[in-house]
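Please work through the exercises below with the sequence and the model open beside you. Each task is followed by a solution that goes step by step.

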Amino acid sequence: MQQSSLADMVRTAMSESKDPETVAQDLARQLIHPHLGFVLFFCSAEYDLQALGYALEQYFGGLTLVGCTTAGEITPQGYGRNCITAIGFSHLHFSMACTLIEEMDRFSLIDAQQLVERLMSDCRSNVLAPITDHSFALTLFDGLSSREEVVLAALSAAFGRIPHFGGSAGDDNYLTHTYVYYQGRFHSNSAVVVLINTWLDFEVFSTHHMLPREEKLVVTHADSATRTVFELNAEPAAQAYADWVGVPLEALDHRLFAAHPLAVRIRERYYVRSIQKVNADLSLSFYCAVENGIVLTGMRPGSLLPNLETLFAGLEERLGPLLLTIGCDCFLRRLGGEAEGSAESISAFLRQRRVIGFNTYGEQCNGLHLNQTFTGVAIGRPGGIRR
């Protein structure tokens, strides 16, 4: 296969301009070619989003675009901030269908089954390989909707054997407004679902670098609907957490949450439940579901870069050289990398491995809503090996 056609399978782009029209021009110049069929992008919430949505629709004239706001970007140059990054997919190599979920509060299994059937039908109009064994799905959620678990459970049942992953939109760590993009507009309290069919080899993955400690905290009073924990070990949650960490209440912040996470153990695996903020009543808001009676294990961070190196060594062994990786990287991992002084090395590693994606307020993998993970899909080059 010629190098030019290989390059056109997926093109990547970024723009650091703050002007929406210039951004759209930049992306169009880098991405548009005769076989471009679909564009996925991730952008800072600092943009004038209404103007950006209009400009993108104008410059990409009829092409399907989906995306979301971020808590940081992963660009062709590595980690980015206050910018936009994008991937353009060739319709010769990827058949893609997408839809928007607007009423997540009412989303049911029947809704999920109908949604997946529509996506499969749309993909079959340009099907490149059998749908079930050669497709994966991407989900992008409003990161402050608190509806990921319910919607993911229904989608997972409907997708069956089709692997799926995704991320929850961010807003540059302000925790006020997060959005997904579909059909020219940015939407809140919504989710975008994309089904991607390809004859290329791929693997959906998830990894984290957290290690368990001995300490346990029991959730003794919580509201699962709002992901709020009022009490840990029958004490005000924030005070109990601060005592466990060994700091005063006023020291609690994002960086400390990143360095001292809590996790629930399911069988032999630990799933982090990251803290979002401390509330005035000393309750804690979480990014993932928490329920009365669950036991949370104190965790400590391992090294980020060796964890990524091990992950990609395995992916390359199974898939061969990688064409592209779409990555959903929890923003707390990025804060952790900055704290341990490895952020620049991680950024360089992501650049070398052709990772494009964003820093999230939560990740999704095969029906699970996760925190403090690096989750995504690796796509192999033509002629790669798969074991």
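This is a predicted model: local features need pLDDT of at least 70, side-chain atom pairs count only at pLDDT 80 or more; totals for chains, interfaces and linings use all residues.

Residues are numbered from 1 along each chain as its sequence is written, and side-chain values use heavy atoms, with hydrogens and water left out.

**Exercise 1.** Describe how the protein chain is divided into domains.

Solution. Start with the bounds, which come from an automatic or database domain assignment: domain 1 takes in 6-207 + 306-380, and domain 2 takes in 210-300. Then find the C-alpha centres of domain 1 and domain 2, which lie 28 Å apart.

**Exercise 2.** Characterise the interface between domain 1 and domain 2.

Solution. Begin with contact, meaning heavy atoms within 4.5 Å: 18 residues of domain 1 are in contact with 16 residues of domain 2. Next take the buried area, that is, the accessible area (1.4 Å probe) that two parts lose on being put together, summed over both; here this is about 1,500 Å², and carbon and sulfur atoms give 55% of that area.

Then turn to salt bridges, each a side-chain nitrogen of Lys or Arg within 4 Å of a carboxyl oxygen of Asp or Glu. Between domain 1 and domain 2 the count is 3 salt bridges. In the salt bridge of Arg227 with Glu149, the closest N and O atoms are 2.7 Å apart.

Finally, ask which elements supply the domain 1 side: α5 (148-159), α9 (331-340) and β25 (368-370) each give at least two residues, and α9 gives the most, with 5 residues. Helices (H or I, at least four residues) and strands (E, at least two) are DSSP runs, numbered from the N terminus.

**Exercise 3.** Locate Glu102 and name the residues it touches.

Solution. Glu102 is in the loop between β7 (95-101) and α4 (109-124). Leaving out residues up to four places away in sequence, Glu102 touches His187, Asn189 and Ser190.
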